[in-house]
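Dear colleague,

Please find below the structure that I am handing over to you. My notes on its salt bridges follow it.

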Amino acid sequence: MGPTRKPNVCSRLSRRTLGFFSRDAGVVQRTNLGILRALVCQKSTTFKNVWTTHSRAPISYERGRIYFDNYRCCVSSVASEPRKLYEMPKCSKSEKIEDALLWECPVGEILPNPSDYKSSLIALTAHNWLLRISATTGKILEKIYLASYCKFRYLSWDTPQEVIVVKSAQNKTSTMARQIFGSVTDATLSHGILIVMYSSGLVRLYSFQAITEQFMQQKLDLGCACRWGGTAGTVGEAPFGIPCNIKITDSPPLLFEVSSLESAFQIGGHPWHYIITPNKKKQKGVFHIRALKDNALAKNGIQEMECCSLESDWIYFHPDASGRIIHVGPNQVKVLKLNEVEDDSSQHQVSEDFVIFANRENKNENLFTVTASGRMVKKTFTLLDDDPEQETFKIVDYEDELDLLSVVAVTQIDAEGKAHLDFHCNEYGTLLKSIPLVESWDVTYSHEVYFDRDLVLHIEQKPNRIFSCYVYQMVCDPGEEEEAAISKSC
């Protein structure tokens with residue numbers, strides 16, 4: 001018997017219509033995304049620039065929605081051409097939205113109102129209100145007044161889609177706080193861990209649950225009456241707000257401590273490892289991968305990309321939860337994996353999974369000069385690895401639903417830069433699709449590129465706070481029939 005024929009898109013659609021996947025909703029979703037991935041990567045598919053706009057205020061993108069004017073105006077990018085979903089009334093400077101997160105319906109919980117099951121925008125205003133806004137209509141569904149004792153400015157997830165962290169601008173710390181934590185430059189909360197950073201490069205980790213259990217003075221519930229410091233009020237309503245109900249009077253138990261250049265510190269991998277740069281300026285660009293349980297350096301755990309460039313390379317744990325590591329330089333993208341050492345299961349080693357190389361020619365030039373004595377001398381000029389006239393990697397991201405790595409590569413051609421977005425198989429690194437961006441790319445500007453299912457979106461910040469947004473939609477050419485094979489092996 002010959003090799004089994006892989007089903008094409010039409011076959012998958014027919015099987016789905018007949019209910020072949022009805023026993024498991026997850027299978028249906030994976031099948032749909034497999035079909036979409038095949039369409040995205042097939043040769044005849046193109047991405048067309050369908051919309052371009054400019055703004056004096058920052059532009060943000062989240063899950064098919066483009067936000068303008070400090071989140072006051074929302075445009076849907078799902079349709080063939082972006083359309084306005086809503087525009088909230090104009091507001092004063094003190095009421096403008098400083099930061100926002102998109103909150104989607106939790107699974108397995110019974111919620112009090114039907115609107116609670118729909119996506120919402122969690123927004124933080126300049127005057128310390130936390131708002132829950134309908135993601136489709138812009139209507140304010142809930143309001144919580146935070147406090148007046150500090151200026152809140154940032155939002156993040158502690159537990160994604162479950163626990164929100166509201167962070168203030170840095171305040172002058174009290175004498176007690178300095179005695180306990182020292183001179184702190186920044187702090188954040190993630191997955192129940194309080195991460196505290198210092199100007200010396202020191203990073204300390206504490207259990208936030210242990211802190212609340214030990215130092216919480218009184219439990220507070222939103223919407224409930226409360227008496228605090230001789231004042232009575234309702235928690236979350238103005239002017240009472242939410243009192244600071246944790247008072248740390250002693251050093252909390254330290255979970256972990258490490259020193260790293262510029263306090264750069266990441267945790268990930270299977271089992272848990274962390275990445276740091278030794279805390280010396282000459283070590284910039286050198287990354288150590290160590291086991292979290294005992295600080296042991298992984299075998300081949302010192303990663304240094306031998307490149308001569310103006311911009312530093314960067315490294316991070318792969319967001320696909322595979323435990324792999326992505327190391328990006330100007331002319332290559334390395335995907336690394338952690339494995340047990342063959343003769344010692346307690347130790348792990350770092351090895352290359354695959355490498356993506358920029359498309360370059362060897363442009364190091366040999367020039368000849370004549371000395372005073374008349375001799376011909378050859379001089380070799382080595383170009384920088386991020387020389388603008390050579391293809392250089394600028395952005396690497398991961399599209400989790402289609403399981404594709406997206407890589408933005410830029411080349412300076414004459415006076416302007418040209419960029420293209422490449423899709424690579426996340427498992428093997430194979431190049432599957434390349435999309436040219438029609439707009440010029442200035443390497444001195446700030447850029448963000450999003451690849452979301454059948455959409456590519458490029459946000460650019462020019463000097464004098466001018467923002468541009470370029471939207472591309474997938475177009476399947478009906479004139480060219482091509483079978484889009486669905487293959488797990490790419």
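R72 and E87 form a salt bridge, their closest N and O atoms lying 3.2 Å apart; the term denotes a side-chain nitrogen of Lys or Arg within 4 Å of a carboxyl oxygen of Asp or Glu. This pair links distant parts of the chain, 15 residues apart: R72 sits in the loop between β3 (65-68) and β4 (73-76), and E87 belongs to strand β5 (residues 83-87). Strands (E, at least two residues) and helices (H or I, at least four) are DSSP runs, numbered from the N terminus.

The model is predicted: local features need pLDDT of at least 70 and side-chain atom pairs pLDDT 80 or more, whereas totals for chains, interfaces and linings use all residues. Residues are numbered from 1 along each chain as its sequence is written, and side-chain values use heavy atoms, without hydrogens and water.

R72 is buried, with a relative accessible area of 10%, while E87 is partly exposed at 42%. Here buried means under 20% relative accessible area, exposed over 50%, and partly exposed in between (1.4 Å probe, protein chains only). Both residues belong to a network of salt bridges that links D69, R72, K84 and E87.

A further salt bridge joins E262 and K284 (3.6 Å, N to O). E262 is exposed at 63% relative accessibility, and K284 is partly exposed at 46%.

K462 also forms a salt bridge with E460, at 3.8 Å between the closest N and O atoms. In this pair, E460 is buried at 3%, whereas K462 is partly exposed at 25%.

In total, the structure holds 15 salt bridges.
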